[in-house]
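Trainee: I'd like to learn how to read the features of a protein model. Can you take me through one, step by step?

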Amino acid sequence: MKIFLAGSGWNRHCWENRDFFDFNRLESFVYIKGEEKNILKYNMFLLDSGAFTYMNKSGSNLNWDNYIVEYANFINKYNVKYFFELDIDSIVGIKEVGRLRNKLEKLTNKQCIPVWHKSRGLEYWKQMCKEYNFIAIGGIVTKEIKSSQYNIFFPLLKIAQQNNCKVHGLGFTNLKGLEKYKFYSVDSTSWLSGNRFGSVYWFDGKTMKKRNKEIGQRVKTNMTALNNFNEWVKFSKYAENNL
């Protein structure tokens, strides 16, 4: 299983490793600007559309067609191989998402990574698995799919496997779940919890362990973030060969 380190704290908190690219990275279109020259240096790079971030910043006056053109131009200019669709079903509806996806693929002459949500239903999943060789499951971070419902992954992944389709679990970092559910890849922002919550991670040779800071205890943010990054890289190397 491939684990992608995600999050926009890379330059701010891991500047000592700014020339280190031996890992898989996921980044948002909104935040990647300024690092374009590095995209092809990573082991594998996934580009998120950044649609929701853009929407939160820009308010309601959005022109998604213009956004798609800008997104596609970036993909073409920097030869991005793997990029997600704008899975804004809850905002514009699935029909409009499909239209925007088709436009994106025509502009880039590449298949994007479509993102399935529960609202799309099982038949839509089956169709995605037939039409694409790499798809994603969304709604995990937002609890659209609750932890008590994770067993839904078993039939979904089985259908994908029958169609030789790879599946990415967006934001899925449940450590026990990584062993249980055979995703092709997942992504995590957990390495950033050092500067967010003062948590310290370490790789024990098989999985990640975490220690939270004590009440009133202070941690060195950059040092903790750098440690967490390095430990998650170790875990990602292990996962790629063993999970």
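Trainee: Let's start with rings. How many aromatic pairs does the structure hold?

Mentor: Rings of Phe, Tyr and Trp (its six-membered ring) pair if their centres lie within 6.5 Å; planes under 30 degrees apart count as stacked, over 60 as edge-to-face and the rest as tilted. By that rule there are 29 aromatic pairs here. Take Phe23 and Tyr42: the ring centres are 5.2 Å apart and the planes stand at 75°, so this pair is edge-to-face.

Trainee: Before we go on, what sort of model is this, and how are the residues numbered?

Mentor: It's a predicted model, where local features need pLDDT of at least 70, side-chain atom pairs count only at pLDDT 80 or more, and totals for chains, interfaces and linings use all residues. Residues are numbered from 1 along each chain as its sequence is written, and side-chain values use heavy atoms, with hydrogens and water left out.

Trainee: Where in the chain do Phe23 and Tyr42 sit?

Mentor: First, the naming: helices (H or I, at least four residues) and strands (E, at least two) are DSSP runs, numbered from the N terminus. Phe23 is in the loop between helix 1 (10-13) and strand 2 (24-28), while Tyr42 is in the loop between strand 2 and strand 3 (44-48). They are 19 residues apart, and the pair links distant parts of the chain.

Trainee: Are Phe23 and Tyr42 buried or exposed?

Mentor: Buried means under 20% relative accessible area, exposed over 50%, partly exposed in between (1.4 Å probe, protein chains only). Both Phe23 and Tyr42 are buried. They also belong to a cluster, linked by ring pairs, of Phe20, Phe21, Phe23, Tyr42, Phe45, Trp191 and Phe229.

Trainee: Which charged end sits over the ring of Phe29?

Mentor: A charge sits over a ring if NZ of Lys or CZ of Arg is within 6 Å of the ring centre and within 35 degrees of the ring normal. For Phe29, the charged end belongs to Lys33, 4.8 Å from the ring centre.

Trainee: Now for charges meeting charges. How many salt bridges does the structure hold?

Mentor: Side chains of opposite charge can pair when their charged atoms come close. The cut-off: a salt bridge is a side-chain nitrogen of Lys or Arg within 4 Å of a carboxyl oxygen of Asp or Glu. This model has 13 salt bridges. In one of them, Lys103 and Asp65 meet at 3.0 Å, N to O. That pair links distant parts of the chain, with Lys103 in helix 5 (residues 94-108) and Asp65 in helix 3 (residues 64-77), 38 residues apart.

Trainee: And how open are those two side chains?

Mentor: Lys103 is partly exposed at 26% relative accessibility, and Asp65 is partly exposed too, at 23%. Both are part of a salt-bridge network of Asp65, Glu96, Arg99 and Lys103.

Trainee: What does Arg120 form a salt bridge with?

Mentor: With Asp89, the closest N and O atoms being 2.6 Å apart. Arg120 is in the loop between strand 5 and helix 6, and Asp89 is in helix 4 (residues 89-92), 31 residues apart. Arg120 counts as buried at 9% relative accessibility, and Asp89 counts as buried at 12%.

Trainee: How many disulfides are there?

Mentor: A disulfide is a pair of cysteine sulfur atoms within 2.5 Å. The structure holds zero disulfides. Cys129 is in none, and the nearest cysteine sulfur, that of Cys165, is 4.5 Å away. Cys129 is buried at 1% relative accessibility, and Cys165 is buried at 8%.

Trainee: Last one: which residues of helix 7 are buried?

Mentor: In helix 7 (residues 153-162), they are Phe153, Leu156, Leu157, Ile159 and Ala160. To see how they are arranged, look down the axis: they fall within an arc of 155° (the arc is that of the directions from the helix axis to the C-beta atoms), so they line one face of the helix. The face turned away from the buried side carries exposed Lys158, Gln161 and Gln162.

Trainee: What covers the buried residues of helix 7?

Mentor: The cover includes strand 5 (115-116), helix 6 (121-131), strand 6 (134-137) and strand 7 (166-169), where contact means heavy atoms within 4.5 Å. Just after helix 7, Asn164 takes a positive phi of about 55°.
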